[in-house]
Every structure is written in C-alpha cells, then in structure tokens.
Amino acid sequence: MSQVEIIQRGIRRRYVVEGMFRACGLSALICGVVFLAFLLITTFVKGYTALQQTYIGLDITPMEEDFDGAVTEETLRRADYGALIKRSLREAFPDVTRRKEKKTLYRLVSSGAQHELRQKLVQNPGLVGQTTTFWVLADDEVDMYMKGNVNVSIPEKKRRFKDHAIELTKRLVQQDRIQLRFNTPFFSRGDSREPEQAGIKGAAMGSLFAILVTMLLSFPVGIAAAIYLQEFAKTNRFTDFIEVNINNLAAVPSIIFGLLGLAIFINLFGLPRSIPLVGGMVLALMTLPTIIISSRAALAAVPPSIREAALGIGASPVQTVLHHVLPLAMPGMMTGAIIGLAQAMGETAPLLMIGMVAFIVDIPGSPLDPGTALPVQIYLWADSPERAFVERTSAAIIILLLFLSLVNGLIVVLRKKFEKRW
Amino acid sequence: MKIPTSIYRNTVLMLATGLALVIGIAAHASRDYIQIVGSSTVYPFATVVAENFGKTTEFGTPIIESTGSGGGMKLFCAGVGAEHPDITNASRRIKASEFEKCQANGVTDIIEVKVGYDGIVLGNSSEAEPFNLSRRDIFLALAKEIPDPAGGEKLIENPHVTWQDVNRELPSIKIEVLGPPPTSGTRDAFSELALEGGCKTFKWIKSMKKTDKTAYKKLCHTIREDGLYIEAGENDNLIVQKLRENPHAMGIFGFSFLDQNSDVIQGAAIDGVEPEFETIADGSYPVSRPIYFYAKKAHVGMTPGIREYLDAFTDEAAWGDEGYLADKGLIPMPAAERMKFRTDAQNLNPMSM
C-alpha cells in the first residue's frame with residue numbers, strides 16, 4: 001500500500017470526525033438558544049399583560065357632610081373614602097340590595113382605591129360638591145377576569161370569581177365603566193400584598209442604592225489591590241498566599257458573604273438590618289475577588305515594552321503605572337467590574353442574611369432607608385398565593401433582564417471604545 | 001486617558017468618609033419603623049395588616065422578614081434595643097426554652113397575641129378524584145416505619161407503594177406526596193397533627209408515649225425517605241403548580257393556597273371532614289394549628305407605633321369573621337377568644353409560661 005492510499009483511506013474518517021465535532025458544537029449552541037428562547041417567551045407571554053391594569057370609572061360626589069360639614073385639610077384626611085366609593089357603587093347598581101350581593105359589588109374595587117381617592121381630594125379640595133368620574137383600580141380578580149385568566153367553564157363552587165361578580169363586571173363593561181389602562185402603579189409604587197397595588201419601584205430603588213454603594217466600594221478597592229499585587233508586590237510566600245485566597249473567595253457561595261456581613265456590619269458595627277447600605281457593602285465583598293482577578297489579568301495583558309519604555313525615559317514606577325499601564329488596562333478592568341456588578345444585581349442569597357428579603361412597602365429614599373432588591377421582589381412575589389402575582393413576577397423578571405442586558409450592552413460599548421491593539 | 005496621582009489621596013479620602021459614615025450611622029441607630037421577623041405562615045397575614053397600618057396611620061409601614069418561627073424567636077430574644085426586632089410571628093407557641101432565653105437576655109415582658117388558625121391541606125388536582133383519608137391512612141402512607149400489617153407489635157419499613165395498599169377503599173394510584181422540607185413549620189405541624197393523629201390510633205403505640213417518649217415521637221413524626229414523599233421546597237405555589245401538571249400526585253400546603261387556587265386543586269377530606277373555612281374555624285377539620293405573634297413591651301414607646309399596630313391587628317375589621325384577613329385565608333378565632341387577646345394586647349399584659 002502506498003502512502004497516498006493510506007492517506008486516502010483515512011480521509012473519509014477524518015471528514016466524518018470533523019463533521020461530528022461541528023455537529024456537536026452546533027447542537028450545543030442550538031440547545032442553549034432553545035432554552036433561552038423558551039425562558040424568554042414564557043416569561044414574556046406571562047408578563048406582558050402586567051403592562052396593563054383594569055380600572056373602574058366611578059361617578060363620585062363628595063358632599064360637605066362627608067367631611068363633618070367643613071372641608072379642611074384635617075377633615076379631608078380623616079374622611080371615610082371607603083363609604084364614598086360604596087355609595088357610588090350602590091348608585092351605579094341600584095338593583096343590588098341583598099347584603100351578600102352588595103359585598104360582591106364592593107369587592108370589585110381595589111381596597112387601595114380609598115387611599116387614591118383621599119390623595120386626589122387632599123390635592124384638590126375643589127372637587128367637593130360636584131360629581132367627578134374617578135378611575136380607580138379594580139380588584140385583582142376583576143383584573144384577572146378582564147385579561148381572560150379566569151376559567152369560567154368550571155363550576156361556580158370551585159371558582160373564586162363567582163357568577164354574580166362576572167355579571168356585575170359585564171354590566172360595567174356595557175356601561176363603559178371599565179378600562180384597561182397602562183399600569184403606572186406598577187412602575188411608581190412599592191410592594192403590596194394586593195397584586196393590583198404592587199409595584200416594582202421600591203425594589204428598583206433598593207437595587208439602585210445597593211449597587212451604587214457596591215460600585216463606590218468595590219471598584220476603587222479592587223483596582224488598588226490589583227495594581228499593588230500585579231505591579232508592586234514582591235512574589236513571595238505571603239503574596240502567593242493572598243493570591244490563592246482571592247481565587248478561593250471568588251468561588252465561595254454568595255450566602256457566606258451574607259453571613260460575614262451579618263457578623264461584621266450588623267452585629268459588630270451595629271448597623272440596622274434591611275438597609276441597602278449594608279446590602280451594598282456585602283455585595284461589594286462578594287464582587288471584590290471578581291474585580292481583583294479580572295483587573296490583574298487586564299494589567300498582565302499590557303505588554304512589558306510599555307513599562308520598559310516609560311521606565312527608560314525616566315518615569316518613576318508609580319508614574320509608569322498611572323500614566324501608561326493603567327489607561328491601557330482600563331477597558332479590561334471595566335469589563336471585569338461590570339460583570340461583577342451585574343452578578344451582584346441578581347443576588348438574593350447574601351441579602352437574605354442581612355434582612356433585605358422582607359416585605360417593605362415604603363420606597364427607600366436613601367441607602368439608609370429599609371429596602372429590598374429586584375431579585376428579592378421576584379422571589380417574594382413568586383411565593384405569594386394570589387394568582388395575579390404570576391404576571392407581576394414575570395414582569396419583574398423582564399425588567400431585571402432588560403436591566404442586565406443594558407449593563408451588558410454597556411460593557412460591549414466600553415470595550416469597543418477603549419480597546420487598544422498592539 | 002490619564003489618571004492623576006491624586007487618585008491615592010482620593011481613595012484614602014473616600015475610604016475614610018465611608019468608615020466615618022458607617023460609624024456615624026451605627027451611633028445613631030434608632031428606628032422609626034416597626035421591625036417584624038418570624039414565621040412564613042404568618043407572613044401573608046402580617047404583611048396585609050402592616051400595609052393597611054402604613055396607609056391609615058401616620059406611622060411608617062412596618063417591615064416584615066420571613067425567617068421561620070425558630071429563626072424569628074432567636075432574633076427576637078437576642079435583646080432589647082433598636083437593633084433587635086420589635087415583634088416576631090410564630091406558627092406555634094413560644095417554647096419554654098425560648099422564653100427562658102428571652103428572659104436571660106433582658107426581654108422580660110412579652111405580649112402574646114394568638115392571631116387565629118391556619119389549616120394544612122392535603123390536596124390534589126381538580127382533574128383527579130377527590131380523596132377521603134383518615135389520619136391513620138396518612139400515617140400508614142407516609143411514615144417511615146409502620147406496625148407490621150401481619151399483626152403484632154413489630155415495626156417494619158413502610159412497604160406501601162399505592163394508596164390501595166394502605167386502605168382497600170382507596171384508588172390504586174402510586175403514593176406520591178409533595179410537601180415541605182424538614183426545616184418548615186408546616187411540616188412539623190403536619191407531622192404532629194396528621195401523622196401522630198394516625199399513629200396513636202394503634203393502641204400499643206399510644207401506650208408507648210408514656211414508657212418511651214423519644215421512640216414514640218421518632219416513630220410518629222418521621223416521614224418516609226424512599227422517594228414517595230417528595231420534598232418540594234418551602235414554596236407552596238410551586239407545589240400547586242406541580243399538582244396541576246401531575247393529577248396523580250398529592251401535595252401538602254397551607255389553606256390560603258387552596259383558597260386562592262380552588263379552581264385547579266381540591267383538598268382531601270380528612271376523617272370525613274372537608275378542609276373549608278367553616279370546618280377549620282369550628283375545629284372539626286383535624287389538621288389545623290393556631291398562629292401567634294409576640295411583641296416586646298420594652299419597645300413600646302421606643303419604636304413608634306407598636307401599640308397602634310397591636311390595635312390594628314386585633315381590630316375586628318382585620319381579624320374578625322368578616323375582616324380582611326379572613327379574605328386572605330386566615331381562620332378567625334371565636335369571638336370570646338378574640339376579645340381576650342385584644343384586651344391583653346391593649347393593656348400590654350405580659351404573658352407567662
């Protein structure tokens with residue numbers, strides 16, 4: 001057999017192997033894409049309905065006697081707005097008289113409607129004495145029905161949304177008193193146990209404050225540590241030991257950092273629980289190893305010739321690093337830092353230990369007010385019994401994903417902008 | 001891009017400010033909002049009260065962490081002061097050991113408020129046949145060891161695979177029960193009420209309670225580990241979702257989840273009693289437990305709003321028969337009991353063990 005024959009015989013096998021290798025790679029990719037598409041599509045399909053919310057239009061006539069005869073700021077605050085709403089519902093449905101039926105009628109409107117009404121009247125006392133159409137939030141069950149999430153074909157006994165409520169809702173539709181509107185409360189409110197009143201803003205602000213604290217702490221400390229370790233520290237047992245530890249820390253489960261934060265910041269320093277400042281500090285501890293490692297890699301990638309040239313024309317070591325090496329390594333460092341921060345954005349486990357996994361209604365105004373974070377909000381809503389929280393959970397996931405893709409987009413832009421080639 | 005040398009000075013400055021800030025906040029650590037920890041079973045009710053309280057009073061909305069009953073007690077009993085929570089929720093009564101620990105740490109006066117009852121439901125998908133089980137059936141189906149069906153006072157590893165093995169009248173469906181993990185209070189309560197309830201229907205086991213309490217508890221409370229009982233995590237919604245997808249499986253979850261999902265799941269009747277609002281309230285449904293919360297008297301006057309929160313929680317509009325908590329699935333106490341706990345709460349009467 002000649003050499004050529006041997007090669008020709010093997011050639012077919014080599015093509016097959018090559019083809020199989022490519023097919024493996026491609027199918028792995030397709031697999032990933034399919035899972036991602038599945039995740040995105042199910043989340044989106046479940047979540048997009050949360051962009052709209054059902055409102056009920058009520059003709060409300062607040063009279064002076066509803067405010068103890070005199071409209072002052074004090075009486076405006078104290079008045080019973082629930083009674084006003086009930087009165088208006090009774091007027092709209094004069095035929096509903098039996099006690100149980102009335103209860104169903106009153107329940108069509110969200111329990112938060114009275115607080116909305118109070119706010120509007122306190123801001124605008126001139127509305128007293130005249131009839132105005134107020135659009136108030138409908139109850140979550142009406143909302144679910146309007147969005148087609150109530151299966152009316154099953155027996156009434158097994159349904160929460162009863163036939164009478166359906167009939168009343170249909171009549172509201174006929175009277176043009178029900179509307180699906182853009183869901184502003186979802187973007188402007190804090191958490192609530194009533195799905196129709198629950199919003200994402202509290203969690204978003206909490207996340208924002210925590211991430212700001214994380215960024216301010218971990219970025220300078222991480223970069224300083226990386227520069228020192230990479231450019232100045234002597235290689236000896238001690239620095240080896242530190243390096244091994246940093247690499248280990250990068251792989252430690254995040255809940256450990258939560259325990260550390262609990263022990264140091266809360267128990268030792270006596271900081272309050274549940275505040276984004278502590279959350280941010282814990283997340284900073286968690287992202288530090290990631291930032292240090294990627295920053296060191298970025299510094300190491302700067303060619304020695306740059307340093308030698310700088311030193312050669314008389315720059316001091318500090319000048320060499322700050323004027324020449326650091327600017328070149330900056331894009332790589334930024335990438336690492338942003339990856340670390342994006343990871344921190346999606347963490348719940350360390351926040352659990354320091355009390356940020358909590359029911360917090362008031363929107364935090366500073367890192368010192370109690371607050372939660374976006375992933376925590378998702379977790380809490382996913383655990384709530386009310387059916388209407390399903391769409392809110394999915395909507396919150398969409399927002400978190402959007403935020404993360406924004407951050408990742410930023411990385412790409414930064415890298416493109418500052419990237420240097422040698 | 002040029003980085004000035006002053007970066008060092010800036011970094012040092014920043015770190016110094018950070019440290020000063022941290023110490024400053026720690027020094028001023030006082031809260032103007034109520035902090036609540038504790039059971040995940042009470043959480044859905046306490047949060048509704050807290051939200052309402054925040055909206056109707058001038059106080060801030062209390063913040064509530066779901067730490068589990070045991071974890072909550074630990075935080076609550078750690079001491080008096082702004083860094084410790086004001087109130088803890090519990091799906092069981094405070095234990096004597098916890099009470100002592102509280103006393104030792106200076107938490108001497110504790111106000112105990114029983115909130116109402118929570119039913120634990122064994123349910124399946126509405127598409128399947130509804131079950132009718134006795135507590136003995138539940139014990140024989142789910143315990144790790146059961147008395148030998150051949151007779152005698154001998155224990156064997158649970159051999160039952162289908163419900164029919166347990167009781168001839170039950171369908172021949174494989175036993176598959178999704179339930180909470182051992183860390184959960186719901187699981188403890190289920191073991192105690194359902195399993196032990198069935199366990200002590202065997203006379204010789206019941207007499208064991210007096211002779212060897214540890215062995216009795218171990219036998220009556222241990223759930224089988226051969227895969228027929230599936231630990232599905234603390235998330236009751238997940239259990240409900242899995243039941244929808246698998247009509248042969250059963251699940252253990254709180255009554256409020258049955259109440260909210262009555263179109264897709266149904267509860268099994270236990271000892272002939274359906275899990276319904278009325279049957280849990282009058283005590284005829286056997287698997288229900290009281291839920292509580294505990295407040296620190298020493299914090300009244302220190303944290304603003306505690307007295308008012310106690311008042312809001314014990315108001316008829318909240319925990320009464322027609323109150324908003326009943327809408328969320330809480331089973332109210334009888335009126336006389338509500339009266340008693342309300343007076344105790346209003347007068348801040350401390351409990352005694």
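Visitor: Hi! Which residue stands opposite B:I64 in β2(B)?

Guide: Hello! A:F359 is the residue across from B:I64. Before we go on, this is a predicted model: local features need pLDDT of at least 70, side-chain atom pairs count only at pLDDT 80 or more, and totals for chains, interfaces and linings use all residues. Residues are numbered from 1 along each chain as its sequence is written, while chains are lettered from A and ligands numbered from 1 in the order in which they are written.

Visitor: Thanks! In what sense do β4 of chain A and β2(B) pair?

Guide: Strand β4 (residues 358-359) of chain A and β2(B) pair in the antiparallel sense, over 2 bridges. Strands pair if DSSP finds at least two bridges between them. Helices (H or I, at least four residues) and strands (E, at least two) are DSSP runs, numbered from the N terminus.

Visitor: And how many residues does each chain bring to the contact?

Guide: Chain B gives 36 residues and chain A gives 36. Being in contact means that the C-beta atoms, placed from the backbone, lie within 7 Å.

Visitor: Which elements of chain B give two or more residues to that side?

Guide: On the side of chain B that touches chain A, those elements are α1 (7-27), α2 (43-56), β2 (63-65) and α11 (255-260). Sorted by class, this side of chain B has 15 nonpolar, 14 polar and 7 charged residues. Here Ala, Val, Leu, Ile, Met, Phe, Trp, Tyr, Cys and Pro count as nonpolar, Asp, Glu, Lys and Arg as charged, and the others, Gly among them, as polar.

Visitor: New topic: what domains is chain A divided into?

Guide: Chain A has domain 1 (3-48), domain 2 (51-190) and domain 3 (201-418). The bounds come from an automatic or database domain assignment.

Visitor: How far apart are domains 2 and 3 of chain A?

Guide: Their C-alpha centres lie 45 Å apart. Still, 9 residues of domain 2 of chain A are in contact with 10 residues of domain 3 of chain A. On the domain 2 side, α6 (140-146) and α8 (184-188) of chain A each give two or more residues. That side divides into 3 nonpolar, 3 polar and 3 charged residues.

Visitor: What about chain B, how is it divided?

Guide: Chain B has domain 1 (31-117 + 290-346) and domain 2 (119-288). The C-alpha centres of these two domains of chain B are 30 Å apart. Domain 1 of chain B puts 13 residues into their contact and domain 2 of chain B puts in 14. The domain 1 side of chain B has 4 nonpolar, 7 polar and 2 charged residues.

Visitor: Now helices! At what angle do α12 and α14 of chain A pack?

Guide: Helix α12 (residues 276-300) and helix α14 (residues 317-345) of chain A pack at about 150 degrees, with axes 8 Å apart. Axes are lines fitted to C-alpha atoms, for helices over the stretch in contact, and angles run from 0 to 180 degrees between N-to-C directions.

Visitor: What does that make α12(A) and α14(A) to each other?

Guide: Roughly antiparallel, because of that angle. Under 35 degrees counts as roughly parallel, over 145 as roughly antiparallel, 65 to 115 as roughly perpendicular and the rest as oblique. The contact includes A:L283 and A:M286 of α12(A), and A:V325 and A:A329 of α14(A). By class it has 13 nonpolar, 9 polar and no charged residues.

Visitor: And at what angle do α4 and α7 of chain A cross?

Guide: Helix α4 (residues 99-106) and helix α7 (residues 163-174) of chain A cross at roughly 55 degrees, and their axes come within 10 Å. They are therefore oblique to each other. A:E101, A:T104 and A:L105 of α4(A) meet A:H164, A:A165 and A:L168 of α7(A).

Notes: Contact = placed C-beta atoms within 7 Å.
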